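Trainee: Before we look, could you help me learn how the words used for a structure are tied to their cut-offs?

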Amino acid sequence: MPHIHTEPDQHDMTVSGYIVRVDGVEPKCLVHMHRKMGKLMQIGGHIELDATPWQSMAEELREESGYTLGELKVAQYTADRIVEVGCISHPVPFAVNTHSVGNDHFHSDFSYGFVADDSAANQAADGESADLRWMTLSELDTAVEGGEALADMCNVYRFLIQHLDSFALVAATDFSLAKPVEAI
């Protein structure tokens, strides 16, 4: 989806999925070559006007990586849940940040951490980047030094991997994609 807010000093809300595999000797991070920016980045995109952040994250995962929520665990600070009435609980992002994307425009981003046990069962959607890569942190550092990857993406992956043991890994399907049906 294109930018919703196009006037100077406005913000769009976005979601990012930082997907890690820890089944090898060294953790690997999933990145893709962004078609417009020409840089290696995490999976993600804008939150649609008619979607929750979690619905948008599920859609971006499917479109850009081929992963479905059923193939992933989401990093949470606790596996415990708040009991809510009339609400739908979503996973808590492990980070939230606001960054400039140039031209006096900003993205405020919900960053979700995921762990995958295997490659995605599906391919990225048509029209999305076909250049998906699993990279170690040292490989990402080299890509940043060469101008091929975003430094902030690499730093967020580094934080996630360094703290992965402190998170509860919860099945991503434990969180509903539905919207509430009654008002609170």
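Mentor: S129 lies in the loop between strand 7 and strand 8 (132-135), where strands are DSSP runs of E of at least two residues and helices runs of H or I of at least four, numbered from the N terminus. This is a predicted model, in which local features need pLDDT of at least 70 and side-chain atom pairs count only at pLDDT 80 or more, while totals for chains, interfaces and linings use all residues. Residues are numbered from 1 along each chain as its sequence is written, and side-chain values use heavy atoms, leaving out hydrogens and water.

Trainee: Why is S129 called buried?

Mentor: Buried means under 20% relative accessible area, exposed over 50% and partly exposed in between, with a 1.4 Å probe and protein chains only; S129 has 7% relative accessibility, so S129 counts as buried.

Trainee: Why is C87 called partly exposed?

Mentor: C87 counts as partly exposed because its relative accessibility is 37%.

Trainee: How do you know that the structure holds zero disulfides, and what is said of C29?

Mentor: A disulfide is a pair of cysteine sulfur atoms within 2.5 Å, and the structure holds zero of them. For C29, the closest cysteine sulfur is that of C154, at 7.5 Å, which is too far for a bond.

Trainee: What makes the span of helix 3 close to the expected one?

Mentor: Helix 3 (residues 151-163) has 13 residues and reaches 19 Å from its first C-alpha to its last, close to the expected 18 Å, the expected span being 1.5 Å times one less than the number of residues.
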